[in-house]
Structures are given as structure tokens and as C-alpha cells.
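Biologist: Before we discuss this chain, I would like each label tied to its cut-off. Please show the structure and start with what counts as touching.

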Amino acid sequence: MVTGGSLRVVFFGTPEFAVPTLDALLGSSHRVVGVVTRHDRPRGRGQRTSDSPVKARALAAGLPVLQPERMN
């Protein structure tokens with residue numbers, strides 16, 4: 001168990017409800033060193049490809065984003 005100090009964290013997430021957790025980590029004493037999320041997918045009526053909510057927040061925070069083809 002880690003006592004005191006800060007951790008280096010890699011965050012895994014994609015949907016909108018994961019963004020508050022990422023924000024909490026960014027505001028904590030821990031250091032988020034990267035984000036892993038699913039590939040961009042077509043969304044909405046026009047089926048245009050757009051960033052996932054977590055990817056958009058990570059890019060805004062200047063974090064490196066990894067999008068592996070397969071998660072397993």
C-alpha cells in the first residue's frame with residue numbers, strides 16, 4: 001500500500017460519465033501520465049467521426065492519448 005506522496009496514473013475510460021473521475025484525478029496530488037480510450041467512432045445523425053468525451057478532456061489537459069485497436 002502506498003502511504004503519502006503521489007502516484008503516477010494511467011486512466012482508462014471513454015464515455016461522458018468517466019470525465020468527472022478524470023477531472024478529479026487531474027485536480028488531485030496524483031500525476032496522470034496518460035489516457036487509454038477506444039478508437040473514435042461515427043456519432044450522431046451525420047455519422048461523423050468525433051473524439052470521445054474522455055479523449056477530448058485529455059487532449060485539453062495536454063495528456064498523451066493511446067487508442068489501441070484491441071483492448072484485450
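Modeller: Contact means heavy atoms within 4.5 Å. This is a predicted model, in which local features need pLDDT of at least 70 and side-chain atom pairs count only at pLDDT 80 or more, while totals for chains, interfaces and linings use all residues. Residues are numbered from 1 along each chain as its sequence is written, and side-chain values use heavy atoms, with hydrogens and water left out.

Biologist: Which residues does Gly5 touch, not counting residues up to four places away in sequence?

Modeller: Gly5 touches Ser29 and His30 on that count. The C-alpha atoms of Gly5 and Ser29 are separated by 7.8 Å, although the two residues are 24 apart along the chain. Gly5 itself sits in the segment before β1 (8-12).

Biologist: What makes Gly5 count as exposed or buried?

Modeller: Buried means under 20% relative accessible area, exposed over 50%, and partly exposed in between, with a 1.4 Å probe and protein chains only. Gly5 has 66% relative accessibility, so Gly5 counts as exposed.

Biologist: And how do Thr21 and Lys55 count, buried or exposed or partly exposed?

Modeller: Thr21, in helix α1, has 43% relative accessibility and therefore counts as partly exposed. Lys55, in helix α2, has 12% and so counts as buried. Leaving aside neighbours within four places in sequence, Lys55 is in contact with Thr37, Asp40, Val65 and Gln67. Of the 72 residues of the chain, 25% count as buried.

Biologist: How do you know what is a helix and what is a strand?

Modeller: Both are DSSP runs numbered from the N terminus: helices are H or I with at least four residues, strands are E with at least two. The chain comes to two helices and five strands, in the order β-α-β-β-β-α-β along the sequence.

Biologist: At what angle do helix α1 and helix α2 pack, and how far apart are their axes?

Modeller: Helix α1 (residues 19-26) and helix α2 (residues 53-60) pack at about 25°, with axes 9 Å apart. That angle makes α1 roughly parallel to α2. Angles under 35 degrees count as roughly parallel, over 145 as roughly antiparallel, 65 to 115 as roughly perpendicular and the rest as oblique. The axes are lines fitted to C-alpha atoms over the stretch in contact, and angles run from 0 to 180 degrees between N-to-C directions.

Biologist: Which residues make the contact of α1 with α2?

Modeller: From α1 they are Val19, Leu22, Asp23 and Leu26, and from α2 they are Pro53, Val54, Arg57 and Ala58. These divide into six nonpolar, no polar and two charged. Here Ala, Val, Leu, Ile, Met, Phe, Trp, Tyr, Cys and Pro count as nonpolar, Asp, Glu, Lys and Arg as charged, and the others, Gly among them, as polar.

Biologist: Where is Met71, and which residues is Met71 in contact with, leaving aside neighbours within four places in sequence?

Modeller: Met71 lies in the segment after β5 (65-66). Met71 is in contact with Phe12 and Val36, leaving those neighbours aside. Met71 and Arg38 are 33 residues apart in sequence, and their C-alpha atoms are 8.0 Å apart in space. Over the chain, residues 24 or more positions apart account for 57% of the contacts with a separation of 6 or more.

Biologist: What phi does Gln47 have?

Modeller: Gln47 has a positive phi of about 55° although it is not a glycine. Gln47 belongs to the loop between β3 (41-43) and β4 (48-50).
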